[in-house]
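Student: I would like to go through this model by question and answer. Please show the sequence and the structure.

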Amino acid sequence: MKKLPFALLALTTTLAACTRTPAPAPAPDALKSFTEQQLTWAACDPTILGGDETKLFDTLGARLTCADMQVPLNWASPTAGKVSVSLIRYAASDTKKRQGAIFFNPGGPGGDGLAFAPLYGYFWENNLTDTPAKAGLKAMTEQFDLIGFSPRGVGASSRLNCGTNELINPVNPPATDRSEKNVQAMIRQGKLIALACQKNPITPFINTDATARDMNLARQLMGDQKLNYIGYSYGTWLGSWYAKLFPQHTGRMLLDGNTSWNAPFEETFRYQPLGFERDFRDSAAPYLARQNAYFGLGDTGAKVYAAQNALNPELRYITSNYIAQFMYTRDNLPLIGLVLKPAVVASALITAHPGASTGELMALAAQETYLPDKESNATAAQIAQMFLAFRDELLNAAPAPAELNASGSVFTAVTCNDTVWNQDLNAVRAADELEAKTYPLIGGSSVANACRQWKGGPSVKQPALPANMPPVLMLQNELDPATPQEGALKALNSTPSARMIFIDDEPQHAAFPYGTECVDTPITEYFLTGKLPQAKMNTCSALPLPGEQAVVPVKTLKVQSGALCFARPDLSSLSLREQRLTYARSEMRRILTDNARALFGGSQTVNAALNAQLTVRDCQ
């Protein structure tokens, strides 16, 4: 069985000011070989997104093309070497009305944004997005090139990899094991990852400043005076960095799921334990309580929340990872119940049979009843058995290589290179102790963050807010777990030119396109006309959660009648166009949540079982 990768989420505490002096701007002649290059747009390899997309690419036709752009490895010293950045373009259909290009970033840092151009291009162009603003989205494909790109370090661009021979010691669940041995294991993990990344000579040049300059070069080479942009999550940090660095070249910019982008990066991560705990406690748990007739986890949010916190420590840690993953997408909220119920049953078996082996516990789990319908009950039994096996792996874990994939490597490099982090491990440990008690879902592991032991500090200086900061449009969900409203509102209030659309009671991470006129129409109008909402803060109502007919305000814990039904989707009955739409929608949310999977761990086997085998529908 594949080992379960329990990567620890980096959290934060004390902030400090960045004092690194910015590098002098290079002479224009030094950049000549880059600014005078020609982008060679050609047909895309159908596997450039990581799978065979021949059918999708054929549908999009000649409007979809790819190019590789050469950029300086070090923008402060352009003659020191170069790296490649991969671009994909879905060209505007009406060249006479073309207003420029819209660049996309999915977050991370370390997310690959190539897929946004073909996927958004496909279902926006064909009016397939379920929103009153679908005509506006179609018009955007007519008047703008849609540009996806792999930021330096990931995807089809020049890649960064961090790795070393040293082994990371096993780490026990940080919220429950606060022993000196476990804390030291987390500290050692951060140290080895930092050393592994800093051994790579290109690591100092993987940062937001460099990516913003790469975007600006792409804008120049495409012949556009201004850069338009849609960024999600970390993409708000990148977009705001660009706007502060190049205000005169910033066009229309949507920042969705906002970081605290006028403060050091550490502040954004400091809000995350609170955000995830609040979303689970105040939104997801009450939602599952309203489905108590189906899940049987408790008829109040408080009871559901307590059920998760009362689990066996290892099962509690495993389910915490999945709960955090599933909260990124509203459609996945029922899946929290589908993992929590098997964990509750398996935990009870462990308590009732303290001397039983894992095999014996798995046999007992196969005989238990979990959910009312036969098909979902069988899946829940399988999940319970898998979780017991994962628990066994945690209890018998062996040291693992200090090795990160390209996405994890870029995540580490960017977060550590952009702004300074508190490296007083005693202070960080004290904050971890408090977070482990107060925010046990993901709290307690900040000492494992490689930035706590990053030698030399950041490699760039975060730009200050300029006097001519251009207007930007922010979109924020009230209960966003990964980029909580505290950081978003701080960014809004510290940026006079910014405007915000705030979705009340919405629990997922990021939103656009959301599916309501209140949210999507002003955003599409903004891109098409440049018109921003007049008010600084504009509030919209959320959509009902899966299986519910009305929005239940946060902290309203009254149990409602009814239950969710589950069924396997039969894609064979869909037309080819509908199949592509189903794929496109799920793919866009996958891109936005993949970074969560990397952070919180999780078995690909279980993820596939939960996401591919089950869907939510209203009971008839």
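Student: Which residues form one aromatic cluster?

Tutor: This is a predicted model, in which local features need pLDDT of at least 70 and side-chain atom pairs count only at pLDDT 80 or more, while totals for chains, interfaces and linings use all residues. Residues are numbered from 1 along each chain as its sequence is written, and side-chain values use heavy atoms, with hydrogens and water left out. Rings of Phe, Tyr and Trp (its six-membered ring) pair if their centres lie within 6.5 Å. One aromatic cluster is formed by Phe-104, Phe-116, Tyr-120, Phe-123, Trp-124, Tyr-232 and Phe-512.

Student: What share of the residues score at least 70 in pLDDT?

Tutor: pLDDT is the predictor's confidence in each residue, from 0 to 100. The chain average is 88, and the share of residues that score at least 70 is 85%. Among the stretches with pLDDT below 50 are residues 1-22, with 80 contacts beyond near neighbours in sequence, where contact means heavy atoms within 4.5 Å. Residues 556-585 also have a pLDDT below 50, and their contacts beyond near neighbours in sequence number 73. The share asked for is 85%.

Student: How many helices and strands are in the chain?

Tutor: Helices (H or I, at least four residues) and strands (E, at least two) are DSSP runs, numbered from the N terminus. The chain contains 20 helices and 13 strands.

Student: How is the aromatic pair of Phe-276 and Tyr-328 classed?

Tutor: A pair of aromatic rings is described by the distance of the centres and the angle of the planes. Planes under 30 degrees apart count as stacked, over 60 as edge-to-face and the rest as tilted. The structure holds 23 aromatic pairs. In the pair of Phe-276 and Tyr-328 the centres are 5.8 Å apart and the planes are at 35°, so the pair is tilted.

Student: How many residues apart in sequence are the parts that Phe-276 and Tyr-328 tie together?

Tutor: Phe-276 is buried at a relative accessible area of 0%, and Tyr-328 is buried at 5%. Phe-276 lies in helix 8 and Tyr-328 in the loop between helix 11 (313-326) and helix 12 (333-352), so the parts tied together are 52 residues apart in sequence.

Student: What is the orientation of helix 8 and helix 17 to each other?

Tutor: The axes of helix 8 (residues 265-290) and helix 17 (residues 485-493) come within 8 Å and cross at roughly 135°. Axes are lines fitted to C-alpha atoms, for helices over the stretch in contact, and angles run from 0 to 180 degrees between N-to-C directions. Angles under 35 degrees count as roughly parallel, over 145 as roughly antiparallel, 65 to 115 as roughly perpendicular and the rest as oblique. The two helices are therefore oblique.

Student: What is the omega of the peptide bond from Phe-512 to Pro-513?

Tutor: Most residues other than glycine have a negative phi, and most peptide bonds are trans. Pro-513 is found in the loop between strand 10 (499-504) and helix 18 (517-529). The bond from Phe-512 to Pro-513 is cis, with omega near -10°.

Student: What is the phi of Ala-510?

Tutor: Ala-510 lies in the loop between strand 10 and helix 18. Ala-510 counts as buried at 1% relative accessibility. Its phi is positive, although Ala-510 is a residue other than glycine, and lies near 65°.

Student: How far apart in space are Ile-503 and Ser-541, C-alpha to C-alpha?

Tutor: Ile-503 is placed in strand 10 and counts as buried at 0% relative accessibility. Leaving aside neighbours within four places in sequence, the contacts of Ile-503 include Cys-540, Ser-541 and Ala-542. Ile-503 and Ser-541 are 38 residues apart in sequence, and their C-alpha to C-alpha distance is 5.6 Å.

Key: Buried < 20%, exposed > 50% of the residue type's maximum accessible area, 1.4 Å probe, protein only.
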